[in-house]
Amino acid sequence: MNRRPTLLAAIALTATAALTLSACGSDDSSKDKANDKIAGADTGKKKSASPSAPASAAGRPKIELPSDLHYTFEWKKTGDADRDAVLSDGEQFIKATDQAIANQDPLDPAYRYYAEGELAASTQKYVQRFVDHKARTTGTYRFYEESVTVRDDGSATLSYCEDQGKAYNKYVKTEKVDKTPVTKNSYIFYNTVLKKNKAGVWVTQDMLSERASSKCQP
């Protein structure tokens with residue numbers, strides 16, 4: 001997952017899922033910094049419940065994020081129950097991963113609720129990188145150009161773009177924000193595979209990402 005500022009951005013976590021920290025659009029020289037990105041929780045900033053996080057219906061975990069971390073999801077409702085559920089659960093996985101980073105907890109239960117298999121293991125390593133660098137993410141992430149397909153076998157694909165141009169890495173102890181310029185690397189394309197589990201949750205199983213994708217450039 002090419003997530004968050006390019007700090008930790010180019011880290012391939014598994015053969016099928018590439019998770020990368022995103023702190024805004026920096027170039028390859030900032031990859032080492034990326035590890036400092038979202039360590040998050042105790043930054044002196046209040047956490048606020050994610051507005052799109054479902055209540056604890058169906059045992060879903062509550063997602064709370066730092067008040068300085070924001071999202072703009074331009075994903076449109078389709079009118080189809082399954083496709084809209086894929087979009088909703090895909091969004092929750094993104095936020096749950098950021099919660100783990102903010103909490104400095106590689107085993108945070110929220111992302112493990114929305115991911116399984118190799119992707120769950122990759123996400124754990126991804127979060128651990130932030131923890132090791134005592135950093136978290138701050139700023140605003142924009143998600144757009146979504147495409148969702150539900151298959152007859154109970155699986156689905158969700159692809160989308162992410163704009164990290166206004167997102168940055170923030171060091172937990174010093175609260176220093178590492179602002180980086182917007183470049184073509186600020187835009188990432190994701191392709192994910194989800195499967196509906198017995199609880200009716202669309203769980204993300206695989207994720208591939210492409211930084212500086214021509215599909216996502218403004």
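Trainee: How much space lies in the largest cavity?
Mentor: In this predicted model, local features need pLDDT of at least 70 and side-chain atom pairs pLDDT 80 or more, while totals for chains, interfaces and linings use all residues. Numbering starts from 1 along each chain, and side-chain values use heavy atoms, without hydrogens or water. A cavity is a set of points on a 1 Å grid over the protein atoms alone where a 1.4 Å probe fits but cannot get out. Counting the space filled by probe spheres on points joined across faces, edges and corners, the largest cavity holds about 40 Å³.

Trainee: Which element gives the largest share of the lining of the largest cavity?
Mentor: Lining residues have an atom within 4 Å of a point, and here they include G90, F93, I94, L158 and Y160. Among DSSP helices (H or I, at least four residues) and strands (E, at least two), numbered from the N terminus, α1, β5, β7 and β8 each give two or more residues. The largest share, three residues, comes from α1.

Trainee: How many residues has the largest nonpolar core?
Mentor: Such a core joins buried Ala, Val, Leu, Ile, Met, Phe, Trp, Tyr and Cys residues through side-chain atoms within 4.5 Å, buried meaning under 20% relative accessible area with a 1.4 Å probe, protein chains only. Y71, W75, F143, L158 and Y160 have the most contacts inside this core. Its count is 37 residues.

Trainee: Which element gives the most to this core?
Mentor: Several elements supply at least two residues each, including β3 (69–73), α3 (117–132) and β5 (155–171). With seven residues, the one giving the most is α1.

Note on methods:
Buried means under 20% relative accessible area, exposed over 50%, partly exposed in between (1.4 Å probe, protein chains only). On a 1 Å grid over the protein atoms alone, a cavity is a set of points where a 1.4 Å probe fits but cannot get out, and a pocket is an open set with protein on both sides within 12 Å along at least five of seven lines; lining residues have an atom within 4 Å of a point.
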